[in-house]
Amino acid sequence: SEMCIRDSPYSGSDAYFRQPRFFPIVTLTALLGLGLALVAKYALGAALPVDEELAGSRPQFQVLVPLALTFVGYILLVPLIGYLAATLVFSCAALVAGHHLTRTTAFSVIVLGVVLYLVFVAYLDVWFPEPLIMRIGALN
């Protein structure tokens with residue numbers, strides 16, 4: 001929101017690019033756009049390429065809907081609890097919603113979350129504001 005950009009140490013045309021919600025919003029927009037394009041394509045009669053393993057299977061909406069809602073929740077959580085914490089919560093929630101949470105995948109999520117945080121901060125120079133809960137805690 002406006003607060004992220006106003007409090008950002010960056011100004012000018014790169015202020016929005018360097019705020020933490022930019023990449024999740026771009027990803028969500030791309031997923032929604034491409035997903036809708038595929039739905040439209042197959043709704044207009046295009047043949048759905050299916051391998052033998054998936055032949056006769058139906059979309060698993062009981063998995064897809066919770067995963068999509070988890071991703072939207074992730075975007076909303078970033079400014080509240082911070083990028084790294086939100087990434088770890090989102091990843092574990094997505095694994096649970098997708099029924100793939102194991103010790104190995106949980107460990108991989110933690111490593112990936114920390115690596116991504118370092119890439120965004122050190123390499124891409126993305127600014128992460130202090131999480132809202134930290135600001136609220138500082139007021140008390």
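Predicted model: local features only at pLDDT ≥ 70, side-chain atom pairs only at ≥ 80, totals over all residues.

Trainee: How many aromatic pairs does a search of the whole structure find?

Mentor: The search finds three aromatic pairs. One of them joins Phe 71 and Tyr 74, with 6.1 Å from centre to centre and 40 degrees between the planes.

Trainee: How is the angle between the planes to be read?

Mentor: Planes under 30 degrees apart count as stacked and those over 60 as edge-to-face, with the rest as tilted. Phe 71 and Tyr 74, at 40 degrees, are therefore a tilted pair.

Trainee: Where do Phe 71 and Tyr 74 lie?

Mentor: Both belong to helix H3 (residues 61–81), where they are three residues apart, about one turn of the helix. Ring pairs also link Phe 71, Tyr 74 and Phe 90 into a cluster.

Trainee: Is Tyr 74 buried or exposed?

Mentor: The general idea is that a residue counts as buried under 20% relative accessible area. Tyr 74 is buried because its relative accessibility is 7%, and Phe 71 is buried as well, with a relative accessible area of 12%.

Trainee: Which side chain makes a polar contact with that of Tyr 74?

Mentor: The side chain of Thr 87 does, at 2.9 Å. Thr 87 is placed in helix H4 (residues 83–97), and its relative accessibility of 5% makes Thr 87 buried.

Trainee: What does Thr 87 touch, not counting residues up to four places away in sequence?

Mentor: On that count, Thr 87 touches Tyr 74 and Gly 113.

How values were computed
Residues numbered from 1 in each chain as written. Heavy atoms only, no water. Phe/Tyr/Trp six-rings, centres within 6.5 Å; stacked < 30°, edge-to-face > 60°. Helix = DSSP H or I, 4+ residues; strand = E, 2+ residues; numbered from the N terminus. Buried < 20%, exposed > 50% of the residue type's maximum accessible area, 1.4 Å probe, protein only. Polar contact = N/O pair within 3.5 Å; in protein donor to acceptor, adjacent residues only side chain to side chain. Contact = heavy atoms within 4.5 Å.
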